[in-house]
Amino acid sequence: MRCDAMRRDGPAAMKFVIFGNVGAGKSPLARALAAHRRVPVLELDDLVKAPRPDPAWVRAQLEAFCAASDGWVVEGRAGHLIQATLARQPELVFLNPGPVV
């Protein structure tokens, strides 16, 4: 992530996609960044782990979320949904927890 991403005086309508491995800290970072930038956050697990999620419904929910605001944070591991956000040119943040010590 660029060092100015957490600055309040940067562009207000920035879009972020935070993705990476399990346990990397995606959710805490997404919530902190969204709160700091005053933008909504969407955790993709909330969509894909819904009871019997229909792929068309999941995609529609993601599209509606991204269209509803000029700035947002999306986080998760669902590659097909991460890819769906790329047309909106978000800042991409990859988190890897590294080896367990």
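This is a predicted model: local features need pLDDT of at least 70, side-chain atom pairs count only at pLDDT 80 or more; totals for chains, interfaces and linings use all residues.
1. Leu42 belongs to the largest nonpolar core, which has 14 residues. Together with Leu44, Leu62 and Val74, Leu42 is among those with the most contacts inside that core. Two or more residues of the core come from each of helix 2 (44-48), helix 3 (55-67), strand 3 (72-76) and helix 4 (79-85). The biggest contribution is that of helix 3, with four residues.

2. Strand 1 (residues 15-20) pairs with strand 3 through five bridges, and the two run parallel. Within this pairing, lysine 15 is opposite tryptophan 72 of strand 3.

3. Strand 1 is also joined to strand 4 (residues 91-95), again by five bridges and in parallel. Here valine 17 has leucine 92 of strand 4 as its bridge partner.

4. Where does valine 39 lie? Its place is the loop between helix 1 (26-37) and strand 2 (41-43). Valine 39 counts as buried because its relative accessibility is 13%, and the cut-off for buried is under 20%.

5. Tryptophan 72, the residue opposite lysine 15, is 33 residues from valine 39 in sequence. In space, the C-alpha to C-alpha separation of valine 39 and tryptophan 72 is 5.1 Å.

Terms used:
Residues are numbered from 1 along each chain as its sequence is written. Side-chain values use heavy atoms; hydrogens and water are left out. A nonpolar core is a set of buried Ala, Val, Leu, Ile, Met, Phe, Trp, Tyr and Cys residues joined through side-chain atoms within 4.5 Å. Buried means under 20% relative accessible area, exposed over 50%, partly exposed in between (1.4 Å probe, protein chains only). Two strands pair if DSSP finds at least two bridges between them.
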